[in-house]
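Subject: Structure handover

Hello,

Here is the structure for you to look over. My notes on what was found in it follow below.

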Amino acid sequence: MDSARSLVRVRPTGNVAGTGRGAIVARIEAALNGGDLKAAEAEWDSLDDTAKAASKSWADSLKARIAVNGALADLSSALTASLTGTPAAAGTADTAAPAQN
């Protein structure tokens with residue numbers, strides 16, 4: 001049994017309370033699964049410096065995705081406004097992940 005325990009690593013999942021890396025990563029994963037990229041970014045920001053350094057390239061990709069989603073939403077709003085003749089509200093884009101079909 002001890003050899004099996006050395007092979008298996010259990011980590012928390014879902015919206016877990018706590019300030020440890022495991023709890024934060026679980027909340028990041030839950031936010032991503034729910035399409036809430038900004039919540040995932042906010043959770044990542046609460047990681048300790050060592051964990052942030054190890055995951056910086058991932059966080060940079062997440063931030064780029066948030067920016068792209070925002071730009072696409074703004075473009076969509078502008079195009080809709082152009083087609084309907086109503087003014088578009090700038091900067092009100094939702095930066096959540098787009099729905100997957």
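Arg11 sits in the loop between helix 1 (2–7) and helix 2. Helices here are DSSP runs of H or I with at least four residues, and strands are runs of E with at least two, numbered from the N terminus. Arg11 is partly exposed, at a relative accessible area of 46%. Buried means under 20% relative accessible area, exposed means over 50%, and partly exposed lies in between (1.4 Å probe, protein chains only). Arg11 and Val25 are 14 residues apart in sequence, and their C-alpha atoms are 9.3 Å apart in space.

A word on the source. This is a predicted model, in which local features need pLDDT of at least 70, side-chain atom pairs count only at pLDDT 80 or more, and totals for chains, interfaces and linings use all residues. Residues are numbered from 1 along each chain as its sequence is written, and side-chain values use heavy atoms, with hydrogens and water left out.

Now the whole chain. The protein chain has five helices and zero strands. From the N terminus on, its elements run α-α-α-α-α. Of the 101 residues in the protein chain, 21% are buried. Contact means heavy atoms within 4.5 Å. Among contacts in the protein chain with a separation of 6 or more, 36% come from residues 24 or more positions apart.

Next, helix 2 (residues 21–33) and helix 3 (residues 37–45). Their axes come within 8 Å and cross at roughly 170°. Axes are lines fitted to C-alpha atoms, for helices over the stretch in contact, and angles run from 0 to 180 degrees between N-to-C directions. Helix 2 and helix 3 are therefore roughly antiparallel. That term is for angles over 145 degrees; under 35 counts as roughly parallel, 65 to 115 as roughly perpendicular and the rest as oblique. The crossing of helix 2 and helix 3 is left-handed. Left-handed means that the near helix is turned anticlockwise from the far one by less than a right angle; clockwise is right-handed.

Helix 2 brings Ile24, Arg27, Ile28, Ala31 and Leu32 to this contact, and helix 3 brings Leu37, Ala39, Ala40, Glu43 and Trp44. The contact of helix 2 with helix 3 has eight nonpolar, no polar and two charged residues. Ala, Val, Leu, Ile, Met, Phe, Trp, Tyr, Cys and Pro count as nonpolar, Asp, Glu, Lys and Arg as charged, and the others, Gly among them, as polar.

Which residues of helix 3 are buried? They are Leu37, Ala40, Glu43 and Trp44. They cover an arc of only 120° around the axis, which puts them on the same side of helix 3. The arc is that of the directions from the helix axis to the C-beta atoms. Their cover includes helix 2, helix 4 (49–54) and helix 5 (56–84).

Helix 3 also meets helix 5. Their axes come within 10 Å and cross at roughly 150°. That makes helix 3 roughly antiparallel to helix 5. This crossing is left-handed. The contact includes Leu37 and Trp44 of helix 3 and Trp58, Leu62 and Ile66 of helix 5. By class, it has seven nonpolar, one polar and six charged residues.

Last, Ser77 in helix 5. Ser77 is partly exposed, at 31% relative accessibility. Ser77 and Pro87 are 10 residues apart along the chain, with 9.0 Å between their C-alpha atoms.

Best wishes
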